[in-house]
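Subject: Structure handover

Hello,

Here is the structure for you to look at. My notes on what was found in it come after it.

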Amino acid sequence: MNDIKTSQKDAYALILEAIDSHSYVPGDRLVESELAERFGVSRTPIREALQRLETQGLLTRDGRSLMVASLDHNQMAELYVVRGELEGLAARLAARHATPEEVGVLRDMLEADQAFLNDPMALSRANRRFHKQIHLASHNRFLVQQLDLVHRSMALLATTSIAVEGRPEDTLAEHNAIVTAIENADGDAADAALRDHISKAYVTRLKLDAQATR
C-alpha cells in the first residue's frame, strides 16, 4: 500500500515539475502511456495524477484527451491580483517572524542569483526558490499552502517575464529591496516592495504577450 501511495505522489510531482519547468507548455497533450514510459511509472498512478491535475485546473480536456491548460488575459489578471495580495502578506509576516538564519538564506540567494543574469530560465527557477523562501519565512502554514496553489497556476504561463531585456537586473534589485525591508523588520515596506515587484512583473508580462501576438 505504501509503495502505491509513493508512486501516486511521485507521478503527480513528476508531471507537475515537467509543467513547471515548461517541458510541457499550455496546449501540449499529455498521454498516459508516454508519461508512464518517460517517468518509469506504471499507468495507474499516472492516470490518478492526471485526474488530480485536471481537478486542480492545471489540465483541461479536449474530447478524450488531456492537455496543459492555458490562462486567458482575464484569468491572468485575476491570478496576479491574488498573488500580489498573498505575497505581500507573506513578506509582511516574514518581516515579523523571519529568523536571522532565514534572512541570511535570502541574502545568499541574492548573491548567488547574480550568476544567472544572462540565463533567464535559470533566473526564473531561482526566482521561484526566492519567493518560496519568503513564504516559508512567514511562518504561516495556511498562507504557504495557498501560495503553493497560486504558484502551481503560474506554471500555466508559457513564458517568463524575466526573459524581457532589462528585467533580470530589475528583478534582483526588487528582490534586494524586499530582503532589506524584511531584514529591517519593516512589515509595511516589505509588503509594499513585494507588491511592487509583482506589479512590475505583471506589466512586463503584458508587454511580452503583446509582442507575441504581433
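In this predicted model, Glu-87 is buried, with a relative accessible area of 0%. Anything under 20% counts as buried, so a value of 0% puts Glu-87 in that class. The residue belongs to helix α4. Glu-165 is another matter: 78 residues separate it from Glu-87 in sequence, and their C-alpha atoms are 24 Å apart in space.

Glu-111 sits in helix α5. Is Glu-111 buried or exposed? Its relative accessibility is 61%, and the cut-off for exposed is over 50%, so Glu-111 counts as exposed.

Now the chain as a whole. It has nine helices and three strands. In sequence order they run α-β-α-α-β-β-α-α-α-α-α-α. The radius of gyration is 18 Å, close to the 17 Å that the globule rule gives for 214 residues, so the chain is as compact as a globular protein of that length. Along the principal axes, the C-alpha atoms fill a box of roughly 50 × 50 × 30 Å. Of the 214 residues, 42% count as buried. If you take contacts between residues at least 6 apart in sequence, 75% of them join residues at least 24 apart.

The accessible surface comes to about 11,500 Å², and carbon and sulfur atoms account for 50% of it. There are 25 positive and 32 negative side chains, and the centres of these two sets lie 5 Å apart.

Next, the nonpolar cores. In soluble globular proteins, nonpolar side chains tend to be buried together. The largest nonpolar core here has 29 residues. Which residues have the most contacts inside it? They are Tyr-80, Leu-106, Phe-130, Ile-134, Ile-178 and Ile-182. At least two residues of this core come from each of α4 (73-97), α5 (100-113), α6 (120-137), α7 (141-154), α8 (167-183) and α9 (187-212). Helix α4 gives the largest share, eight residues. To see one member up close, select Ile-182: with residues up to four places away in sequence not counted, it touches Ala-91, Ala-94, Ala-95, Ala-98, Val-103, Leu-106, Ile-134 and Ala-190. Apart from this core lies another, of 23 residues, among them Ile-15, Ala-18, Val-68 and Ala-69.

Last, two residues with a backbone angle to check. His-139 has a positive phi of about 55° although it is not a glycine. This histidine lies in the loop between α6 and α7. Its relative accessible area is 47%, so His-139 is partly exposed. Ala-185 is not a glycine either, and its phi is also positive, at about 55°. The loop between α8 and α9 holds Ala-185. With 52% relative accessibility, Ala-185 counts as exposed, because the cut-off is over 50%.

Regards

Technical notes
Residues are numbered from 1 along each chain as its sequence is written. This is a predicted model: local features need pLDDT of at least 70, side-chain atom pairs count only at pLDDT 80 or more; totals for chains, interfaces and linings use all residues. Side-chain values use heavy atoms; hydrogens and water are left out. Helices (H or I, at least four residues) and strands (E, at least two) are DSSP runs, numbered from the N terminus. The radius of gyration is taken over C-alpha atoms; the globule rule is 2.2 Å times the number of residues to the power 0.38. Buried means under 20% relative accessible area, exposed over 50%, partly exposed in between (1.4 Å probe, protein chains only). Contact means heavy atoms within 4.5 Å. Accessible areas come from the Shrake-Rupley method with a 1.4 Å probe; for residues, only the protein chains shown count as cover. Lys and Arg count as positive and Asp and Glu as negative; His and the chain ends are not counted. The place of a charge is taken as NZ of Lys, CZ of Arg, CG of Asp or CD of Glu. A nonpolar core is a set of buried Ala, Val, Leu, Ile, Met, Phe, Trp, Tyr and Cys residues joined through side-chain atoms within 4.5 Å.
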